[in-house]
Amino acid sequence: MIDLWHVGFVRQPVADSLDGLRGADITWLPDPGSFRFLADPFGVERPNGLTVFVEYYDYRVRRGEIHHYSYDARGGLTAKGTALVRPFHLSYPYLIHDGGELYMLPEAHKSGVLTLYRCTRFPDQWAPDAQLLSVPSIDATVMQADGLWWM
């Protein structure tokens, strides 16, 4: 069995989508080509548009990377490229805004650790900032409540 995914976004509040997306104006990310798929989208709204970070998986190398796709206010693709590549599989590029900084907590369970990356140049340069766990972790999701971070 081969997994195939198609990633898109809708510029409307989530609450407006609860009854379905019939009639919604969906912007689909470009098809990555044969033997590849995109999955696990996370978006960042910026003054000049929206950037979507995704897992880019290639069956030929059997490893995921994190790629970015940037769109203008009208949904036109303005840039795309590689955001983060490691010698192990990456997926689920969970994004965190804190203290004016942008961080990414990608799933990288085959590395054996959970590493937080800080954006050093948006959207294509990310540097390891902290090792949060020294155990394999899958799709770690964090939130802040009452001044504490929860996973």
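This report walks through a few salt bridges, a strand hairpin and a surface patch in the structure above. Keep in mind that this is a predicted model.

**Salt bridges**

Let's start with charge. Side chains of opposite charge can pair when their charged atoms come close. In this model the count comes to 5 salt bridges. Here are some of them, with the N to O distance for each pair.

| Pair | N to O distance |
|---|---|
| Asp58 and Arg60 | 2.9 Å |
| Arg118 and Asp129 | 3.6 Å |
| Asp124 and Arg121 | 2.7 Å |

Is Asp58 buried or exposed? Its relative accessibility is 11%, and buried means under 20%, so Asp58 counts as buried. Its partner in the salt bridge is Arg60.

The other two pairs in the table look like this. Arg118 has a relative accessible area of 27%, which makes it partly exposed, and Asp129 is partly exposed as well, at 41%. Asp124 comes out at 29% and is partly exposed, while Arg121, at 43%, is also partly exposed.

Next, have a look at strands β5 and β6. Strand β5 spans residues 63-71 and strand β6 spans residues 77-84; the two run antiparallel and are joined by 6 bridges. Which residue of β6 stands opposite Tyr71? That would be Leu77.

Together, β5 and β6 form a hairpin, with 5 residues between them. In the turn you'll find Gly75, which has a positive phi of about 90°.

While you have strands on screen, here is a handy general point: in a regular strand the side chains alternate between the two faces of the sheet.

Last stop: the surface. Which residues make the nonpolar surface patch? Leu132, Leu133, Val135 and Met151 do, and the patch has an area of about 330 Å².

With a relative accessibility of 31%, Leu133 counts as partly exposed. That is above the cut-off for patch residues, which need over 30% relative accessible area.

Terms used: Residues are numbered from 1 along each chain as its sequence is written. This is a predicted model: local features need pLDDT of at least 70, side-chain atom pairs count only at pLDDT 80 or more; totals for chains, interfaces and linings use all residues. Side-chain values use heavy atoms; hydrogens and water are left out. Patches are made of residues with over 30% relative accessible area and no salt bridge: like charges are joined within 9 Å, nonpolar side chains (Val, Leu, Ile, Met, Phe, Trp, Tyr) within 5 Å. Accessible areas come from the Shrake-Rupley method with a 1.4 Å probe; for residues, only the protein chains shown count as cover. A salt bridge is a side-chain nitrogen of Lys or Arg within 4 Å of a carboxyl oxygen of Asp or Glu. Buried means under 20% relative accessible area, exposed over 50%, partly exposed in between (1.4 Å probe, protein chains only). Two strands pair if DSSP finds at least two bridges between them. Helices (H or I, at least four residues) and strands (E, at least two) are DSSP runs, numbered from the N terminus.
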